[in-house]
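Please keep the sequence and the coordinates to hand while reading.

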Amino acid sequence: MTSLVDLDVAGKRVFLRCDLNVPLKESKITDDGRIRASLPTINALLAKGASIVIAAHLGRPKGEVKPELSLAPVAVRLAELLGKPVQFIPAITGADVTAKAQSLAPGEILLLENIRFASAETSKDESERLALATELAKLADIYVGDGFGAVHRKHASVFDLPKLMPHAAGTLVSAEVEVLKKLTVDPVRPYGVVLGGSKVSDKIGVIANLLGKVDVMAIGGGMLFTFLAAQGKEIGTSLVEVDLIDTVKGLIKQAEDSGVKLLIPTDIVIAPTFSADATPTLVSSDAIPNNQMGLDIGPESAAAFAAAIKNCKTVFWNGPMGVFEFPKFAAGTKVIAQALTEVSGISVVGGGDSAAAVRALGFEDSQFGYISTGGGASLEYLEGKELPGLTALDL
């Protein structure tokens, strides 16, 4: 695979696939972490004398033009961070886009509209994706893939396009793969994993795969209530995936058979409703009233998780421990984040809500070993799946 370091892009146009999928609230960016993560590759290409056509996605418009998911605000923030103009065009293909791209001078940047506004981008029909990729290939001379958050998708701009052009991985994708290899190839032990988030179904594969490889696994977030239900405990009105209770029973047995220390919360912060102003109450995990729901792990559980984490040399964390967006239910997530900053080895925050949580709770990216930009991609890599976007880049 050609690396970005060896790539000759002087005077050439580079098609750069980024992950600029930032959270928006009323068209305002609430966390620009993914934009910042793209800067090293962009700056490296500019320093080499390239012009850049950037494609990225935002949300899941499902092939429809949705103004609230436009990349226009991202263009403004990217320009601010780069300290130079970023031209934005509210289109993806067409004569105007082609003319604009081909007129770029070295050092200039063009950001296309949300690539997922084109239905062919996410089509399962290979011919539709290839047709879009063929149009996109007219915009540049070289392809650089740096959108790690999308490499687990077989999409036109991620999988099909690099096959049509000379290509290389950007610094972000290369760094992500290097870190994930440290989690999968002879990780330094003890090796701990903390998993949270709302649904067990999102993490079944990675749990099953990692149970044979880690020393300790801690379970938090909404998914923990399916584990409590599998232990025969009452969970009130808490989130649960009833159809997965038997599967989770099997995972608990697998942990026992593998000698993995499986940490399931022993105390829970509950409330009568899912709201920021709900009144929290602390109870034992086997004493959740039938009219209350769990919204965070309790302090005893958080302390146990933290102690286990700090004893590890390699730690991967994906998914908040509770509803961190509500201050009354953010304590568990904050304790876990603090523990990760104290790991003597490598600590990896696995993208998505976890990355947003640590920033929202006042932590700096530099306090952690690595903050991934791709939650789903990271999980599928750890699950042992082949990721189409990495395959296309010969990684």
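## Strand pairing around β6

Strands β4 and β6 run parallel and are joined by 3 bridges, where two strands are taken to pair if DSSP finds at least two bridges between them. Within this pairing, I54 has L111 of β6 as its bridge partner. Strands β5 and β6 also pair in the parallel sense, over 3 bridges, and here F88 has L111 in β6 as its bridge partner. Helices (H or I, at least four residues) and strands (E, at least two) are DSSP runs, numbered from the N terminus.

This is a predicted model, in which local features need pLDDT of at least 70 and side-chain atom pairs count only at pLDDT 80 or more, while totals for chains, interfaces and linings use all residues. Residues are numbered from 1 along each chain as its sequence is written, and side-chain values use heavy atoms, with hydrogens and water left out.

From β6, I109 and L111 point one way and L110 and L112 the other way, and all are buried. Buried here means under 20% relative accessible area, exposed means over 50%, and partly exposed lies in between (1.4 Å probe, protein chains only).

## Helix α3 and what covers it

Helix α3 spans residues 95–102, and V97, T98 and A101 in this helix are buried. Seen down the axis of α3, these buried residues fall within an arc of 95°, so they line one face of the helix; the arc is that of the directions from the helix axis to the C-beta atoms. As background, an α-helix has 3.6 residues a turn, so residues three or four places apart point the same way.

On the other side of α3, A95 and D96 are exposed. The cover over the buried residues of α3 includes β1 (13–17), β4 (51–55), β5 (87–89) and β6 (109–112).

## Positions annotated as a binding site

An unreviewed UniProt entry lists D19, L20, N21, R34, H57, L58, G59, R60, R116 and R153 under "binding site"; the positions are given in the numbering used here, feature names are shortened, and annotations may be inferred rather than shown by experiment. Of these positions, D19 lies in the loop between β1 and β2 (24–25) and counts as buried at 3% relative accessibility. Apart from neighbours within four places in sequence, D19 is in contact (heavy atoms within 4.5 Å) with R34, S38, H57, D146, G147, F148, G149 and T373. The side chain of D19 also reaches the backbone nitrogen of N21 at 3.1 Å. N21 is likewise placed in the loop between β1 and β2, but counts as partly exposed at 22% relative accessibility, and its contacts beyond four places in sequence are R34, H57, L58 and G59.

R34 lies in helix α1 (residues 33–47), and its side chain makes a polar contact with the side chain of D19 at 3.0 Å. A polar contact is a pair of N or O atoms within 3.5 Å; within protein, one must be able to donate a hydrogen and the other to accept it, and residues adjacent in sequence count only if both atoms are side-chain atoms. Leaving aside neighbours within four places in sequence, R34 is in contact with D19, L20, N21, V22, G352 and T373. R116, found in the loop between β6 and α4 (126–137), counts as buried at 9% relative accessibility. Among the residues that R116 touches, not counting those up to four places away in sequence, are H57, G59, R60, E121 and R153.

## Further buried residues

T314 is found in strand β15 (residues 314–318) and is buried, with a relative accessible area of 1%. A polar atom of the T314 side chain lies 2.6 Å from the backbone oxygen of V188, and T314 touches L183, P187, V188, P190, Y191, G192 and I346, residues up to four places away in sequence not being counted. S301, placed in helix α10 (residues 299–310), counts as buried at 3% relative accessibility and is in contact with P265, T266 and D267, leaving aside neighbours within four places in sequence.

With a disulfide defined as a pair of cysteine sulfur atoms within 2.5 Å, the count comes to 0 disulfides.
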